[in-house]
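Please brief me on two contact surfaces in this model.

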Amino acid sequence: MDLSSIDLRAIGAWFHGLLISSGMSQTGIHVIEALVGALLLLIFGLTLVIFLIWLERKLAGRIQDRLGPNRVGPYGLLQTVADALKLLTKEDVTPLDADRVPYNLAPGLAVFHVIMALAVIPFSNRVIGADINVGVLYLMAVGAIGSMAALMAGWASNNKYALIGGFRVVAQLLSYEIPLVLAMIIPVMVSGTMRMNGLAVAQGSIFGFGWFVWTLPLAFLIFFVASLAEGERAPFDLLEAESEIVAGYNIEYSGMKFAWFFLAFFMNSWVLAAIGTTIFFGGWQGPFVDQLPALGVIYFLGKTMILFFVQAWVRATFPRLRIDQMMSFCWKFLVPMALVLFAAVAIILKLNLPQPLEAITLLVANVAILLTGVTLLGRTQRKALYAPKRAFTPTIPRL
Amino acid sequence: MMIDYLPLLILFVVAAVFAAIAIIMPSLIGPKNPNKMKQEPIESGMIPFTDARQRFPVQYYMVAVLFILFDIEVVFMYPWAVLLNKLKVFGLIEMGFFLLILLIGYVYVWRKGAFEWD
Amino acid sequence: MTDPVAQLREQFPDAILSTSDTSAVPSITVKPETLVDVGFFLRDAPGLTYDLLSDLTAVDQLELASPLEPGARFYGVYHLRSVSRDGTLLQLRVPLPGGDTPTAPSLTGVWPTANWHEREAYDLLGVHYEGHPDLRRILMPDDWQGHPLRKDYPHGGEHIPFSPTWEDEEFKFLGQQIMKAEQRPEAVPGRMDSKHMVVNMGPQHPATHGVLRLIVELDGERIVSVEPDIGYLHSGFEKQAESVRYKDFVYYTDRMDYVSAMQNNLAYVLTVEKLLGIEAPPRAQAIRVIMAELQRIASHLVWLGTHALDVGGTGLALLMYAFREREDILDLFEMVCGARLTTSYMRIGGVSADLPPAFVPRLRDFLAILPQRFDEYGRMLTDNPIWRHRLEGVGYLSKEDAIAMGVTGPLLRASGVNYDLRKAQPYCNYDQYDFEIPVYDEGDSYARYFVRLNEMRQSARIVQQAIDTLPDGDFWLNDPKVVPPKRELLDQSMEALIHHFKLYTEGLKPPVGEVYYGIEASKGEMGFYIVSDGSAHPYRCRVRTPSFSNLSAVEMMSKGHLFSDLVTVIGTIDIVLGDIDR
């Protein structure tokens, strides 16, 4: 089967023909095609999450010297299904003094925003929900709904842990939006397009040498760190730190409402990995993708899974940051570095150098800025580390 | 051009319907035995001392303000970034001034200690 | 001049009522009104410097045939240690005036650690400490009637019979009591500002390691004050001890610091041996050292894993790695005594069974891989920048504060005090082994991390030496008055049969007297104070647990830090609620 036939705009000829033969108007055909595409995306997203949760648990298990889920279904693959069914049968408890409208709206919004984000992800050259010309901006806009859902949940629950979690959401998701967006602007500058598919196309297909991650490694690093924070992944999981604020903003949710937050969390992680793949790892590009377009989907999903794996790996390795550290890391390290990188890349691009030279200059600039930034950071941090912090002067009565 | 956005509109409707189902479904399926103890907010097994909605510290508000400032500036950069190849050196200089103004604000905010957590 | 009695006589001529010298520990009885002055003097006088208040309690002499302090129903007893002079112990006794409502001057001004200990004595024995800033119940619920450790407090008194049947009336309402929702929220503790957010952290919270409850006053994320509320796991072991025989109380000690059962066994067993004036044979001592040090490693591994979990989140892989090695240690325990957690392996006069033949080779294999595993933890954490940022400077405790708060164990050694009872007051022939005491000066959580990590290495060294020099011989004392004779002997010797019968029907009866003995357990000084009236049951058995004093420093360590740091501080104290609440 030619997978390009599920392109939403030029849907496979058989389906298109089918609709035309039914004598429908042009707009009607578009609507029906888009509807089918949207439902396909939705089903894909939900199935994907079932797999992702299993994958994350299995990975965490293996990294931690455990087996992970292995009872339900082959290799425990149906564990998530069993969990979802169990959550379905659980009672839906709403706290007495909860603000009911935002409380109930929040899980829906959380799910809504990740499904919307799937729309502009190019799975393959022509397998994309909507190849709009402001794809990157659209992702930012949709992403903001997610932080709103978390804040609504935290505020509406009338729970102090949820409230602290909600505040942390504001502080973290808003702060890290800046470096994320600044890191995403750099490939946009180089490729001259905001279309997600355009970004993938711009990275050439000569076996990965055109990927932006080679020429713009620093931009990718900033993007990846910020995406960990935006995805509420460790080490930036302090907004749902189970050892501090128990579960953060979703503490009061039970049963399926909790499951929707859980689903949104995993799909969000995956969407961020998918954006990273599209912008920095050539998206669906890979060998023989021109001859066999269906390969593109496989390349894309494979690369995304690798990024997702790195996210899970980081989670097993790094302790959680504290809120002040999280804030200063963003505003005092990532943002200035991203701004400097932005300026440097803009100037290099305006020099109009011939191609291989331009790529090398970009790489050198990236590495130089990274090294400078890390050195400066190291120097200030060493000062902070070796001076013992005494937050208060203890007083003990002496004779 | 606008036909590009039709799938988005349809997806919006589909996602909204799905979200609505997601919100309504849990209250239809599953048992319902509410009691006062169960509906207390969870605070590690104790009845909370006070209502949760109280004064909250200004730091979070500062972050939100900073976000609005920076995010809008960065969004303005996007159209410029797309058109960079077509712009002359003047465009670059203009962005330089734009960044300079941003930088002044940034340094001011840093000096004021808005990035510290106290 | 370091003779406390002579110095005290010189300074306070009329304060001393009597002196005695039980089990080589000088004991001084002073008049209650002079207690605070004597306390200040003992703490600060050059040459004495009894700066650590190890333990503080009181004894109800109502049923004691020959009272230790005649003329008063209660006496208060204080055990002081001199940290700077090798942990030398001094016992201070005060007959408490007031008859059935005894009063005593509060020592909170001298040793802040007295705060919690006096609250406990008030709670369990009803001693009113005058001048105490906050005399409330600490272990029992606020609305509890009476003081349980008094001798005239009724035993039992449960409404539900011990073996109920389903037809019993009580079952109709059982389980419905949790539905009673008419509870009103408590008032915010008086010293807390209601403008701030006052949050309950615990008793059911993932980071409080059990059922600790902290009432936290937060200004945003900044901690203004912390009020620990303990007692949710109070099991009344001290009361229980008064109705079980000496050998039977070993099993209760397992449940105190339940990740470090061997150490608890050892502390109790050594105290009773001290009371009896006996000493276990060398092989038993060496086996005890092996078990105690393995237990120390196991306990520190639990600490390492859970601390990493608290600081790092559930994903952090270290927990399972630390528990992998702990499993090996528990397997070794299972080999010697069949139990993994509640071992009850130590016996008065020895250990319950000899080492099985396969034990030593397996232990050698384990010790061979252990250093690499410690290196592995170090690689994962020591230079991890986030780990350092989360720990360095957090939970700072100065040397003076640590001593004043009665903090012992790794916490004290991380504050720059070179004090370890294994070196200072060696027991079980610890002086034969070559090992070092890791001491760090920084006094923060990162220093405590290093102290514990290095202690594990040193413990492995001790175990290695102990199995290399394991003496042959009996693993139980050959004293039929204390230790039941071997099974084979019962078939041959009438005398052995009689001893066996007497031991199991009457139990062993130590001479009349009292003794306090403390060992260096995994978390600090674990001590027992036993008063014997010559019967087969302890008259009073007081447990000094390290975590109780250590936890009392939590507010001092976390004030001014961020909310996330509170979790680090709880983890770095290494609390076990069974150890605190007993």
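Predicted model: local features only at pLDDT ≥ 70, side-chain atom pairs only at ≥ 80, totals over all residues.

Residues are numbered from 1 along each chain as its sequence is written, while chains are lettered from A and ligands numbered from 1 in the order in which they are written.

**Chain B against chain A**

- Chain B puts 57 residues into the contact, and chain A puts in 73 residues. Two residues are in contact if their C-beta atoms, placed from the backbone, lie within 7 Å.
- On the chain B side, α1 (6–28), α2 (36–39), α3 (58–82) and α4 (89–112) each supply at least two residues. Helices (H or I, at least four residues) and strands (E, at least two) are DSSP runs, numbered from the N terminus.
- α1(B) gives the most to this side, with 17 residues.
- By class, this side of chain B holds 44 nonpolar, 5 polar and 8 charged residues. Ala, Val, Leu, Ile, Met, Phe, Trp, Tyr, Cys and Pro count as nonpolar, Asp, Glu, Lys and Arg as charged, and the others, Gly among them, as polar.

**Domains of chain C**

- Chain C splits into domain 1 (4–130) and domain 2 (237–351 + 358–581), with bounds from an automatic or database domain assignment.
- Their centres, taken over C-alpha atoms, are 27 Å apart.
- Domain 1 of chain C gives 25 residues to the contact, and domain 2 of chain C gives 28 residues.
- On the domain 1 side, β3 (52–60), β4 (74–82) and α3 (114–125) of chain C give two or more residues. β3(C) gives the most, with 6 residues.
- That side of domain 1 has 12 nonpolar, 10 polar and 3 charged residues.
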